[in-house]
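Welcome! Here is a short briefing to read with the structure open beside you.

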Amino acid sequence: MHHSLNLAGFRALATAAGLLQLCRELEAAKLLSPAAIDRVRDSMFNELMEQAAPARRHDAAFAAHLRRRLEGLFSGAERLGDTPILPS
């Protein structure tokens with residue numbers, strides 16, 4: 001999936017923003033279950049971990065930060081433009 005998405009140019013923030021909004025809309029309309037949202041979020045997490053620098057791929061603090069960030073984005077508590085400091 002990583003290579004297909006990369007070739008299609010899906011690394012853009014506009015695409016991520018659209019996906020997040022679409023998930024929120026589908027969930028609000030009761031067309032997407034919380035379990036489905038979890039699967040989408042897990043897929044995004046796995047892809048972002050795959051794209052991370054090799055040193056970050058096994059960094060528990062980075063993984064926890066990324067999970068919290070995705071939860072905030074999916075819940076609407078955070079926006080894509082927000083840039084919290086990454087753990088060192």
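Which residues of H4 are buried? They are Phe62, Ala63, His65, Leu66, Arg69, Leu70, Gly72, Leu73 and Phe74, where buried means under 20% relative accessible area, exposed over 50% and partly exposed in between, with a 1.4 Å probe and protein chains only. This is a predicted model, in which local features need pLDDT of at least 70, side-chain atom pairs count only at pLDDT 80 or more, and totals for chains, interfaces and linings use all residues. Residues are numbered from 1 along each chain as its sequence is written, and side-chain values use heavy atoms, leaving out hydrogens and water.

**Overall layout**

- The protein has four helices and zero strands; helices (H or I, at least four residues) and strands (E, at least two) are DSSP runs, numbered from the N terminus.
- Along the sequence, the pattern reads α-α-α-α.
- Of the 88 residues of the protein, 23% count as buried.
- Taking contacts (heavy atoms within 4.5 Å) with a separation of 6 or more, 48% join residues 24 or more positions apart.

**The nonpolar core**

- The largest nonpolar core has 13 residues, and Phe45, Met49, Phe62, Leu66, Leu70 and Phe74 have the most contacts inside it; such a core is a set of buried Ala, Val, Leu, Ile, Met, Phe, Trp, Tyr and Cys residues joined through side-chain atoms within 4.5 Å.
- Helix H2 (13-28), helix H3 (34-51) and helix H4 (60-75) each supply at least two residues of this core, and H4 gives the most, with six residues.
- In soluble globular proteins, nonpolar side chains tend to be buried together.

- H3 has 18 residues and reaches 26 Å from its first C-alpha to its last, close to the 26 Å expected; the expected span is 1.5 Å times one less than the number of residues.
- The buried residues of H3 are Ala36, Ile37, Arg41, Met44, Phe45, Glu47 and Met49.
- H4 has 16 residues and spans 22 Å between its first and last C-alpha, close to the 22 Å expected.
- Just after H4, Gly76 takes a positive phi of about 90°.

**Around the rings**

- Leaving aside residues up to four places away in sequence, Phe74 touches Leu20, Cys23, Arg24, Ile37, Val40, Arg41 and Met44.
- The charged end of Arg41 sits over the ring of Phe74, 5.9 Å from its centre; this requires NZ of Lys or CZ of Arg within 6 Å of the ring centre and within 35 degrees of the ring normal.
- Arg67 lies over the face of Phe45, at 3.8 Å from the ring centre.
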